[in-house]
Amino acid sequence: MTNIFEESRPGRLGVQLPPTRTEAPAGIPKEALRAELPWPELSEPQVVRHFVRLSRMNHAIDVGFYPLGSCTMKYNPKINEEMARLAGFAWLHPLQPEETVQGALQLMWELEQDLAELTGMDQVSLQPAAGAQGEQTGILMIKAYHQSRGDLERTEVLIPDAAHGTNPATASLAGFEVVEVKSDQRGGVDLTELRAKLGPKTAAVMLTNPSTLGIFEDNIVEIARLTHEAGGLLYYDGANLNAILGKCRPGDTGFDVVHVNLHKTFSTPHGGGGPGSGPVGVKAHLAPFLPGPTVGRDGDRFHLVPGGPQSIGQVRSFYGNFGMHLRAYTYIRSLGRDGLTEVAEDAVLNANYLLHLVKDLMSVPYERLAKHEFVVGLPRAIKDRTGVRTLDVAKRLLDFGIHSPTVYFPLIVEEAMMIEPTETESKETLDAFAAVLAQVLEEAVTDPELVKTAPHTTPVRRLDEARAARQPILRYRP
Amino acid sequence: MLAALDISAIDDLFSDLPAEVRLNRALDLPLGMPEMELDRHVRALAEQNRNLTQLVSFLGAGVYDRFIPAAVGEILRRAEFYTSYTPYQPEVSQGTLQAIWEFQSLVATLYGLDVAQASLYDGATAAAEAVMVAVAETGRTSVVVARSVDPQVRGVIRTYARGRPLAIQELPLARDLSDLNALGRLLSQETAALVIQQPSFLGAIEPVAEMVEMAHRQGALAVVVADPIAHAWLEPPGAYGADLAVGEGQGLGVPPSFGGPYVGLMAAREGLVRRLPGRIVGATVDVDGKSGFVLTLQTREQHIRRQRATSNICTNQGLIALAATVYMSLLGPEGLRRVALLSHEGAQDLKARLLALPGVSALGPAPTFYEFAVNLPRPAALVNQELLAKGFIGGRALGDDYPELGPGSWLLAVTEKRSAAEIAAFADAVGAVL
Amino acid sequence: MDVPEDLRYTADHEWIRVDGGRGRIGLSAFAQDQLGDIVFVELPKVGAAVTAGSAFGVVESVKSMSDLYAPVSGTVVAINQSLADHPEQVNQDPYGRGWMIEVEMSQPKELDALMSSEAYAQSIQSAGH
């Protein structure tokens, strides 16, 4: 397919604008002006057709099943989108006088309260723009907390080996040493190793619960106790919060700080990779360090409260991704207290049901109850006999209109496939997925080449990633 | 499904939650609402706000009330775009990947630099990430940031710098421009980066080429925060040797949305590509020789490099970058130049009218583009309050962020949406409240 | 898997070919095969000091990165510039055009601690299965 530069024809314009009175900006020295802007020139129908054609080359939740583990690809309710486009929200300037944005501030204030209730925390900031930024905010607050107590020797952050890559990247960017903690044979944190690694240098322990294996860390109370005894704080990566909504709250299990991914648990669309939103909640002892501004309430008036003297400062401009706050708020109000608990129940039911359907097809590293997702491996017998790998199975699924699960993660499971159906999929979809997976594994044995060369029916087939990295072509050149 | 699992109740699936951690009560939240009631409830909140379609705004300060062609919204409503995720499976993500590659091409061209990445959270975080690139590249630990850079951007740079031993020095203002004498004193062999903004937060056209050269003389990298609309006309940062250019892309087809989501732009010279944060898309071919796109240079990123990654960012601002891509495609060079020039003409008109009012003076003599600062004989915050009563959102009162400029300092922006009549009426209203 | 007899090896799969006081260093055929398509090699500058057992560079495939460890200590006197544009040479010719750096050895005795081709061949045999 051609790109917009190739489709360009001189003199075309995709928007009608009033005429200008002058030829060029006045009073600006000539040497400060540019000679040319070699962008493409296209008409409106050309542009629309170009991007509609592009859209049709994408898989998406509204197109088909998207069981991408760890990403919570649940259905994105359309009412959220309609509300986000209301002029009363979309056309608000962030620096407008407070009396003209009371509805927006009320919405943010209520969302802060709701997220605090859902996570068991005392105070929330909506400012972080994504999960990774939520982590950064949380870890910087932990650093500021220790510093404020004159506790300057805490240089290490402990992270399980099954963790998302953002955890170690975040800790490192905040200036900490990363200490890896191995998983035990049940897929949980190895308590013996945790005890050995905790100590006077421990600033924090970062945990995802349920873990990236989809397993609830049932030693969590003990882990929290050990961490606090060592003088460290416990960080909750909210990537998998969907599994426990209304069932259990991180704040009640000993976590000091959490981040929540509104684009996972609270149904805001993933947008092809952003915008996300990663609010952070803290217990009272960390509240002075929250980034500002947050929203305060004074009777029926709402106002912005700047960060205090101990605040880590702002992590993003203004108040975060308000458009995402508004969608998450709409979602929370839609489901309410009972609906949100049902979200967790149905997500966990779907995951366990699907695990039940595929457990005889794939190898199951940890025979435990699944939460919202589960990890299985390609059976060694298939790999050894046919040379087919998990990647090949993932690619073959694409031929059936199913997005591949997350593959080769977590790193501690061989030939891993991480499957998260979410609560918004029907039993029929789960049954159909299991049937397709069975067929693909059958093909792997009877016709391994078919699987190894998949996909066959997608807009493009396997792409040469080595070539892309060796001789990067990162932009159009005439 | 329960029968298949051989359980009698869903709660059995939560038997692995220890009793002491369970929430044994209902959540303290309202009951759910049917869609019709929800629609009414959320609309009622929206109606408590007074938005930019109801008030006539001259407020900018980094976020602008610009016209968005209808085609942008129509494309964003394609569920194939907004309900997909990061293109992990390129065979079924070519739409997203090609759109990002086109975004990278447009941004790199706009900034006159070799490469651009797939976007960052906003302009402020883009600037902070650019500083981190410079620190990694130079191995130095001091950064000079001009005070004429957006206070929000400076704030985020300071926060990002908390993670490491990084000293941040502020380059002061000399009236309406950065103080070049002070710059000469601040730059040293320890300086990793100089961060400047064009046009400055105060709207002035800064002597950027000279400042970049001064940074280079000390071996520091030059990071330019560059407004994309004004750069329809202004010399691109790459042309005067900037190492990195970053910017807020909100003006490119994104509504103000009370502060976000926005999109951060970042372009760099070729030699820095392996230090760039976030996603990058590259062109390649598939097994049949058909051209296509993939995420590339991924070893820079957190999911592979983990604690040694250049940044912890996972995704970009996919959908917002798409909005900007569609906007830039619709406008092309001629459309962008016209949007910028219409804004500039309106701003020149307003500036002349305000300066004709008794007691109003320019901040300084530097040329401005579509945003400019003046000194009022009364506190700007009070003037804004009185203008609101007349249906106007006035400019940004600068006194809080720039105490040295005094309470009368006032920053105004004019976009292509402001008609000559609105400008005249606003100037009259200002005259009436002074 | 090719393991030339005239080289010495580290447990981290680097090889060194000694010529007088200098050693040319690269990655073994086994290692490049395990990594898959090499897409980028990051090397030190000429004149840099390297220490036996410490990282001197990074080799990247599409979705992995590995440190390169110096078999001996010394000063880098040459680097293989052509890997910048043609990292695939590490895959195609690991002991020839895929070489990485040349070092003026400061402690040639360190060579004694390295593996012979036989010992290395045996170690990858057992690691492979």
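Reply: In this predicted model, the crossing of α4(A) and α9(A) is left-handed. Helix α4 covers residues 102-119 of chain A and helix α9 covers residues 322-358 of chain A; they pack at an angle of about 50°, and their axes are 10 Å apart. The helices α4(A) and α9(A) are therefore oblique to each other.

On the α4(A) side, the residues that meet α9(A) are Ala104(A), Leu107(A), Met108(A), Glu110(A), Leu111(A), Asp114(A), Leu115(A) and Leu118(A). Their partners in α9(A) are Phe322(A), His325(A), Leu326(A), Tyr329(A), Ile332(A), Arg333(A) and Leu340(A). By class, this contact of α4(A) with α9(A) has 11 nonpolar, one polar and three charged residues.

Phe322(A), one of the α9(A) residues in that contact, also belongs to a cluster linked by ring pairs, together with Phe89(A), Phe318(A), Tyr319(A) and Phe258(B).

Over all chains, the count comes to 20 aromatic pairs. One of them joins Tyr64(B) and Tyr370(B): the ring centres are 5.3 Å apart and the planes stand at 90°, so the pair is edge-to-face. Tyr64(B) lies in the loop between β1 (56-57) and α2 (70-76) of chain B, and Tyr370(B) in the loop between β13 (361-362) and β14 (371-375) of chain B, so the pair ties together parts that are 306 residues apart in sequence. Tyr64(B) is buried, at 9% relative accessible area, and Tyr370(B) is buried too, at 4%.

Tyr85(B) and Tyr88(B) form another edge-to-face pair, with 6.1 Å centre to centre and 75° between the planes. Here Tyr85(B) is buried at 8% relative accessibility, whereas Tyr88(B) is partly exposed at 34%.

Definitions and conventions:
Residues numbered from 1 in each chain as written. Chains lettered and ligands numbered in written order. Predicted model: local features only at pLDDT ≥ 70, side-chain atom pairs only at ≥ 80, totals over all residues. Heavy atoms only, no water. Axes fitted to C-alpha atoms, helices over the stretch in contact; angles between N-to-C directions. Helix = DSSP H or I, 4+ residues; strand = E, 2+ residues; numbered from the N terminus. Parallel < 35°, antiparallel > 145°, perpendicular 65-115°, else oblique. Left-handed = near helix turned anticlockwise from the far one by under 90°. Contact = heavy atoms within 4.5 Å. Nonpolar A, V, L, I, M, F, W, Y, C, P; charged D, E, K, R; others polar. Phe/Tyr/Trp six-rings, centres within 6.5 Å; stacked < 30°, edge-to-face > 60°. Buried < 20%, exposed > 50% of the residue type's maximum accessible area, 1.4 Å probe, protein only.
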